[in-house]
Amino acid sequence: MTAGRLIAVVGPSGVGKDSVMGGLVVAMPHLYLVRRVITRAPDLGGEDYVAVSVSEFEAMAGDGRFAIHWHAHGLCYGVPALVQHHLKNGTDCLVNFSRKALAQASETFPRLVVLNITARPETLAERLAARGRETDDEIAERLAQAETRLPDDLHVIHLSNDGPLSHTVAQATRLLQPERA
Ligand SMILES: Nc1ncnc2c1ncn2[C@@H]1O[C@H](COP(=O)(O)OP(=O)(O)O)[C@@H](O)[C@H]1O
Ligand SMILES: O=P(O)(O)OC[C@H]1O[C@H](OP(=O)(O)OP(=O)(O)O)[C@H](O)[C@@H]1O
């Protein structure tokens, strides 16, 4: 059986990764949406995640409970090892990912597809303010990191989300059809 693809959705804070992923799982119901483990306070919205403390996260990492994990924005993020089971069974998996963890991901996931979402800087600033999950200082820090170079030699699909979300989701759905991506 052919392994499933790990579809890593990346892009700067506020670009719309979680929003696009929400639309994609409706349009492509066979996709498995990864629920990340994050050392963030619970119920802050934006995505459905498992909230843990730093010591819980470290214990999980030590027990091999993550397929991959990274650190960003003062938080730890883990992709549960269960994703490897779904990939092995041929299921495509969708995950909100870090651009800085892609080099490591290309070694862990042989069928890695990167969906790189972009938007103008003013769009990002407006959206982060409207989302309201972070403080003004945290937003400024995220905006300062908006530009991050992707590693070479990856299968990357670039997509702008400056326009309406429905348009972006329709384009992503078309570009991610298994026979194309
Ligand atoms: N195409 C779009 N048009 C208008 N608002 C959008 C669009 N995409 C996302 N948003 C809004 O922008 C904010 C940030 O989106 P989010 O999905 O949380 O981004 P990310 O996960 O990349 O940080 C949210 O409030 C979301 O509702
Ligand atoms: O290496 P980078 O590409 O800069 O990404 C760093 C982190 O930012 C995002 O996290 P999170 O979903 O918490 O933030 P966001 O919704 O504001 O993008 C992404 O999922 C990474 O965990």
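**Helix packing and ligand shells**

Biologist: Which residues in H1 meet residues in H7?

Modeller: Ser19, Val20, Gly23, Leu24 and Ala27 in H1 meet Leu165, Thr168, Val169, Ala172 and Thr173 in H7. Contact here requires C-beta atoms, placed from the backbone, within 7 Å, and helices are DSSP runs (H or I, at least four residues; strands are E, at least two), numbered from the N terminus. By class, this contact has six nonpolar, four polar and no charged residues; Ala, Val, Leu, Ile, Met, Phe, Trp, Tyr, Cys and Pro count as nonpolar, Asp, Glu, Lys and Arg as charged, and the others, Gly among them, as polar.

The model is predicted: local features need pLDDT of at least 70 and side-chain atom pairs pLDDT 80 or more, while totals for chains, interfaces and linings use all residues. Residues are numbered from 1 along each chain as its sequence is written, and chains are lettered from A and ligands numbered from 1 in the order in which they are written.

Biologist: At what angle do H1 and H7 pack?

Modeller: Two packed helices are described by the angle between their axes and the distance between the axes. For H1 and H7 the angle is about 55° and the axes are 9 Å apart; axes are lines fitted to C-alpha atoms over the stretch in contact, with angles from 0 to 180 degrees between N-to-C directions. The two helices are therefore oblique, the class left after roughly parallel (under 35 degrees), roughly antiparallel (over 145) and roughly perpendicular (65 to 115).

Biologist: How do H5 and H6 cross?

Modeller: The axes of H5 (residues 121-131) and H6 (residues 136-144) come within 10 Å and cross at roughly 150°, so H5 and H6 are roughly antiparallel to each other. Leu124, Ala125, Leu128 and Ala129 of H5 make the contact with Ile139, Arg142 and Leu143 of H6. That contact has six nonpolar, no polar and one charged residues.

Biologist: Which elements give two or more residues to the shell around ligand 1?

Modeller: A shell residue has its C-beta atom, placed from the backbone, within 6 Å of the molecule. Of the 16 residues around ligand 1, Gly16, Lys17, Asp18, Ser19 and Arg127 come nearest. The elements in question are H1 (17-27), H5 and H7 (165-175). The shell has four nonpolar, eight polar and four charged residues.

Biologist: Which residues are closest to ligand 2?

Modeller: Ser13, Ala72, Ser98, Arg99 and Lys100 are the closest of the 16 residues surrounding ligand 2. Its shell has four nonpolar, eight polar and four charged residues.

Notes
Two residues are in contact if their C-beta atoms, placed from the backbone, lie within 7 Å.
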